[in-house]
Amino acid sequence: MTNSVVDAPPAKVPAELTPPPGRWHRVRPWLPLVALVVFAILPYSTAHLPGFFEGPLNSPGTLQLLAICLVFGGLAAGYDLLFGRTGMLSFGHALYFAAGVYGVDILVTRAGLPLWSAALLTVTGGATLAALLGAVALRTAGIAFAMVTLAFAQVGAILVARDFGGLTGGEEGLPLDVSGLPAALVGVTNTVNLYWLALAYLTLVVFVVHRVSGSPTGRVLAGLRDDERRIGVLGLDPYRFKLIAFTLSGTLAAAGGVIYCLLVGGASPHITSSELTLSLLVMVVLGGPGTRWGPVLGGMLYMYLDHRLTAFGSSSAVDALPSVLSRPLSQPLFVLGTVFILAVYFFPGGLAGLADRLGPLRRLLPRRP
């Protein structure tokens, strides 16, 4: 008589320890699509939100502000591909954004090219510039890499400020010649078309970043961020993957520069400064580096506060306050810095980690029977 061995059944987790997924978990995957639809139909709304916007949602001023927020949301998401997902701190990312702004402006205004041809050449040039400078900068690492990227950006800022070749307009900037643009993108009444163009740019950036992050290349980039030596031990070339991330991030920034040039109607030297790159870094940290939607939310919130605080600081309500309050409140950067410090202190994971930090508080609240 043979003894047979019977395997024990797998242990079951008690039902009270595995609560069924709530409605939030079923709805959450659809939230990005819902947000896209809401932003797409926003120009048809005549709602007015006093204190948040100067006019109705479909007014040209409000749509332009929202479009700028969308562009910088995409720009921050593209920068996060470099910083949050690959672990490379670049202080020269503004150079590729400025290349997009000045590139399309020069090709349309100076060379007289059609907009779409100029935009294609500009994005291609931005990608080439990012690949060439990245190939040099990535020979270094750490703080040396950050300083090299900053040096490249400073060279670009000097060339723009000194009106290299008489193309950039120097310190006065270069207004965009609207006669070479399609009629649908010219005039205050067509601001809605620029808004939809900015929304399309943000959608494209989010799609590209998420596809890359979920691909085998994205997993290698995450490995580079955590431990570059381990990637080398596995037989992969860290330099090649970092160059791919650097080039792709610069290309997305150049594309954002094209949209921004159309929104503001020209190029100005302030977009070449290192302050813009530092602002991008603040946007990503504020939203949550390496997260799915954090950089987008951080970029949009930062630009919204930047514009609204400027108007708030010059309002009569602030002027009526005592000088000890009116002086700091009239400086948007002071208020933004205070908000950033408080956000980092209380929410170190950024806006993306806010839900997880509030989870214990939600569990303490009584549930419906």
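In this predicted model, Arg 225 counts as partly exposed because its relative accessibility is 37%, a value that lies between the limits of 20% for buried and 50% for exposed residues. The side chain of Arg 225 meets that of Asp 226 in a salt bridge, with a distance of 3.3 Å from N to O. Asp 226, for its part, is exposed, since its relative accessible area of 60% is over the 50% limit.

Three further residue pairs need not all be described, but the count of salt bridges in the model comes to 4. One of them joins Lys 242 to Glu 228, where the closest N and O atoms are 3.4 Å apart. Because Lys 242 lies in helix α10 and Glu 228 in helix α9 (residues 228–233), this pair ties together parts that are 14 residues apart in sequence. Lys 242 is buried, as its relative accessible area is 9%, whereas Glu 228, with a relative accessible area of 36%, is partly exposed. Another salt bridge is formed between Arg 85 and Asp 80, with 3.5 Å between the closest N and O atoms, and here both residues are buried.

Helix α8 comprises residues 216–226, and its buried residues are Gly 218, Val 220, Leu 221, Gly 223 and Leu 224. These buried residues pack against helices α3, α7 (191–213), α9 and α10.

After α6 comes Asp 163, which has a positive phi, near 55 degrees.

The largest nonpolar core of the model contains 89 residues, and within this core the residues with the most contacts are Phe 72, Phe 97, Tyr 260 and Ile 271. Helix α3 (residues 60–82) supplies the largest share of the core, namely 15 residues. When neighbours within four places in sequence are left aside, Phe 72 is in contact with Phe 97 and Tyr 260, and also with Leu 276, Met 283, Gly 299 and Met 303.

As regards the chain as a whole, 17 helices and 2 strands are present. Of its 369 residues, 41% count as buried. Among the contacts between residues at least 6 apart in sequence, 74% join residues that are at least 24 apart. The accessible surface of the chain comes to about 20,400 Å², and carbon and sulfur atoms account for 67% of this area.

Conventions: Residues numbered from 1 in each chain as written. Predicted model: local features only at pLDDT ≥ 70, side-chain atom pairs only at ≥ 80, totals over all residues. Heavy atoms only, no water. Core = buried A, V, L, I, M, F, W, Y, C linked by side-chain atoms within 4.5 Å. Buried < 20%, exposed > 50% of the residue type's maximum accessible area, 1.4 Å probe, protein only. Helix = DSSP H or I, 4+ residues; strand = E, 2+ residues; numbered from the N terminus. Contact = heavy atoms within 4.5 Å. Areas by Shrake-Rupley, 256 points an atom, 1.4 Å probe, with all protein chains shown as cover.
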